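Hello,

Here is the two-chain model I promised to pass on. Please open it alongside this message, and my notes follow below.

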There are 2 protein chains.
Amino acid sequence: MVVEPEALDPFFHPKSIAIVGVSRTNLELGGTSFLNRLRQAGYCGALYPINPKMDTVSGIRAYPDLTSLPELPDLVMVCLAAGRVPSVLDECARIGVRHIHILTSGFRELGTEEGEALENRIASIAREKGLLVIGPNCMGPYCPSSHLTPWGAIPGLPGPIGIISQSGTITQRLAELMCSLGIGVEKAVSIGNAAVLSNPDYLAYMARDKKIKVIAMYVEGLRDGKSLFDLTRKVTQIKPVIIWKGGESDVGASTISSHTGKMAGQRHIWEAFFRQTGAVQVQSVEEWMDALVAFCLLPSAIGKEVFLIGGGGGSSVVNSDSFIRGGFNVPRLSDATMERLCQIIPAAGSIAGNPLDQFRTFQDTAHLTEILELGFRDPACSMIVVDRLIPRIAYHLPDLPDSTPELIAYLTRKQQEKPVIMAVESEGGDEDLAAEGAAIRGRFCKAGIPAFPSINRAVRALRHLSRYQEKPLNLERRNFK
Amino acid sequence: MVVEPEALDPFFHPKSIAIVGVSRTNLELGGTSFLNRLRQAGYCGALYPINPKMDTVSGIRAYPDLTSLPELPDLVMVCLAAGRVPSVLDECARIGVRHIHILTSGFRELGTEEGEALENRIASIAREKGLLVIGPNCMGPYCPSSHLTPWGAIPGLPGPIGIISQSGTITQRLAELMCSLGIGVEKAVSIGNAAVLSNPDYLAYMARDKKIKVIAMYVEGLRDGKSLFDLTRKVTQIKPVIIWKGGESDVGASTISSHTGKMAGQRHIWEAFFRQTGAVQVQSVEEWMDALVAFCLLPSAIGKEVFLIGGGGGSSVVNSDSFIRGGFNVPRLSDATMERLCQIIPAAGSIAGNPLDQFRTFQDTAHLTEILELGFRDPACSMIVVDRLIPRIAYHLPDLPDSTPELIAYLTRKQQEKPVIMAVESEGGDEDLAAEGAAIRGRFCKAGIPAFPSINRAVRALRHLSRYQEKPLNLERRNFK
């Protein structure tokens, strides 16, 4: 089933939501939790809890069934036990509701005949009655601009990312991460067993959504791989699609059948998929997040010539190694730049050049910006990477206030110049340092300056962007920023 | 020059230290900073600032020169400008001081004839007079058990690690990291240009040091590679040597000559070095830290059969992928375990098996420990990995107190059972979460339970340990824990 993309709109911008299956006692994952989270997120549409035994739920008037509602809800969320789901679908069809999200688990993923039969029954009701169903066995839709955030970051932050995922936990975590970095999510959908609507339906929808600049997809298995292949190939011409494919190992693949009741597909088929569609492949939530930071915050062409600024000779050595291992160049700077650098950087204890080693860059923003200016003007480099150490007592630096705001103000004025990328490391068991690192990276990203927790992670993310840009398949691709 | 290992003892356990080159004005990196840091760290030996123009420095009596001191200092730290260093060495030789650390930069790493000549002069004075010299151009010795911590974590924490490094920044950072995780450092030494004492001298010393269980080394270039090769091959028979080799790329290699004035050595030679010595190769400070956590906290044989416990079906899929990609197995559990798991884990929304998916493990420690018990008894697995999500609002979990202390208490009682490894992720721009993650990982590591910031990083660290254990070269190796 591939539906007209616009048909999915009410899932993400519903004017009213009925929640079937709310209880007084179970406040964990389920209808009541969804109801409470939606209110907490400031959802302004009508909310209709359905429970024949209760007059109100969480202070909201409850109704005995969908038929008794004062209006047709745009979206019905079904949180009842699996066996009771088909009758809800029948009721939806009878009263004219078309958009349904089924949270409930207990279908094909059980691996039992009953589970499979129940899922087939849902699919056939949907097919016969023309119902659009997200799920079953999933967290459903998420859209911060509609305050539709029953999970993930609450209240969430609208932004350029679309997420389609067969894992609820992974979708929630990615949504949280992108909001915490101030980049934000336009729409996300956890699609579970995808018994009715499946990956290609959501992909076609998000491809058309002008607010979505980059699509992130977590895939376990598919009913119709050819359809996703053809569509992905088209979509990557207009916007990047960054895919995490779960189940490449035998154990991972067999776990999929217990998770979403799907078949993982053979590994070599997926390798060909990535080679031939132009989709970007990632293998962890950190790699996904980092790639999204790069694709959302950097222009469509970054080049390969990196000017590396940091402090510490050893760091300069290994940071160069990392960029060159990642397929970038750390070129000799032009004579004019070198002449000036040799004037402003002392010979002993520093290195004037590329990589540039000067500890003073960590504490003296005027000094750093003078070096950045040289980089902006030097034709030898196309982007600048700053290894930004958080000053601490060990480094014999004076106790100065954090210069991040000053640096952000400067870089914001210079945003038409070459891309500047930050690496701000804060590893280990020191909680103050960890908090400071997260806050600084968040502050940079919120200002539109990509920041990563290590040089190696910056390299990996930039490499994804650079390879996406150079793929011959995508020569016709327009600027997606 | 390869010296008797014991001869290096006074560098790390000096009863008195003279610091030549202290000033009133420059409080940044230099003699005064070292002096102040040593006092701050509680160094209890005698401290002698040397400055002919001052009576006291930081409230401590100063002396005009080494000859005027009331006793022969065990260690002399030289922080004067490069051109004045040779005369200090002459003075040391004249009065009978043998142990000298030269902080000063401005020698061979300048790439000038003068710099090279000055370094050669230092080396020849040392050779003629039998002086032992750390440096020049380096941060020198660090030893928390002697309160000799002028850099890195202050006051530092004694522990099982020895560090030998040609980068001051990298040494300091690794020392800080291992202290922040409660594992600690017995001795570290930043060796700079290594004009006199070089890697093999320090390696031989740390190989004999019974308090050092694992040696971490950052190498840029060597004068005598054969000597390090032969020695490393021997040392890896008794304790692991984890090496980060900087300068594998051309740019990295040429940066080395500006950093420590060394030649990087060809890449294929270093590949053979790792293959033939049994040393473990890492490529970033995070990878180094993670490997050290695994080598320090895990027993000498961990096996390959992993029981994976977590919550979230998608996570179960991709975590299995990660372990299998890393060369581990995620085996089917025994029938007895499966029977019990099927009783205690609901069919819908969870997966009873390996990987095990049960969200309740995040909030209910009694439930988790019941599953851990089954893992301890099951002959199918040799270690247990827990993907430990930090409960947050998105996950629809009730707001419960952090159960880490309860879990640590349980695991401490069970430490004779199979190894249990934690993955506690806390990525992104949320500073509270970052702080919580760092604190939890630190708490686990401090209790002797290895904790990593992601499943992939756990896999990479465990893979280093597992491969070290299985190398035929090391069949005779004793338990190093």
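Predicted model: local features only at pLDDT ≥ 70, side-chain atom pairs only at ≥ 80, totals over all residues.

Residues are numbered from 1 along each chain as its sequence is written, chains are lettered from A and ligands numbered from 1 in the order in which they are written, and side-chain values use heavy atoms, with hydrogens and water left out.

Back to B:Thr369, which sits in helix H13 (residues 365-377) of chain B (helices, H or I of at least four residues, and strands, E of at least two, are DSSP runs numbered from the N terminus). Its side chain comes to 2.9 Å from the backbone oxygen of B:Ala366. Apart from residues up to four places away in sequence, B:Thr369 touches B:Leu407 and B:Tyr410 (contact means heavy atoms within 4.5 Å).

Now the interface. Chain A and chain B each bring 88 residues to the contact, and together they bury about 6,300 Å², 57% of it on carbon and sulfur atoms (buried area is the accessible area, with a 1.4 Å probe, that two parts lose on being put together, summed over both). A:Arg173, A:His396 and A:Glu427 supply 11% of the area that chain A buries against chain B, more than any other three residues.

Between the two chains there are 22 residue pairs in polar contact, both residues at pLDDT 80 or more (a polar contact is a pair of N or O atoms within 3.5 Å; within protein, one must be able to donate a hydrogen and the other to accept it, and residues adjacent in sequence count only if both atoms are side-chain atoms). Several helices of chain A each supply at least two residues to the side that touches chain B, among them H2 (31-40), H5 (168-180) and H16 (455-470). H11(A) gives the most, with 10 residues. By class, that side of chain A has 36 nonpolar, 35 polar and 17 charged residues (Ala, Val, Leu, Ile, Met, Phe, Trp, Tyr, Cys and Pro count as nonpolar, Asp, Glu, Lys and Arg as charged, and the others, Gly among them, as polar).

B:Ser105 lies in the loop between strand S6 (99-102) and helix H4 (113-129) of chain B. Leaving aside neighbours within four places in sequence, its contacts are A:Ala348, A:Gly349, B:Ala82 and B:Asn137. With B:Asn137, the side chain of B:Ser105 makes a polar contact of 2.8 Å.

Next, the charged pairs. Over all chains the structure holds 38 salt bridges (a side-chain nitrogen of Lys or Arg within 4 Å of a carboxyl oxygen of Asp or Glu), and eight salt bridges are found across the interface of chain A and chain B. One of them pairs A:Glu248 with B:Arg325 at 3.1 Å, N to O.

Another joins the side chains of A:Arg173 and B:Glu425 at 2.7 Å, N to O. This pair runs from helix H5 of chain A to the loop between strand S17 (420-423) and helix H15 (431-446) of chain B. A:Arg173 counts as buried because its relative accessible area is 7%, and B:Glu425 is buried at 17%.

A:Arg392 and B:Glu176 also form a salt bridge, with the closest N and O atoms 2.9 Å apart. Here the link goes from the loop between strand S16 (383-387) and helix H14 (404-413) of chain A to helix H5 (residues 168-180) of chain B. Both A:Arg392 and B:Glu176 are buried.

Within chain B, the side chains of B:Arg332 and B:Asp335 meet in a salt bridge at 3.5 Å, N to O. B:Arg332 is exposed, with a relative accessible area of 62%, and B:Asp335 is exposed at 58%. Salt bridges that share partners also join A:Arg173, A:Glu176, B:Arg392 and B:Glu425 into one network.

Best wishes

Notes
Buried < 20%, exposed > 50% of the residue type's maximum accessible area, 1.4 Å probe, protein only.
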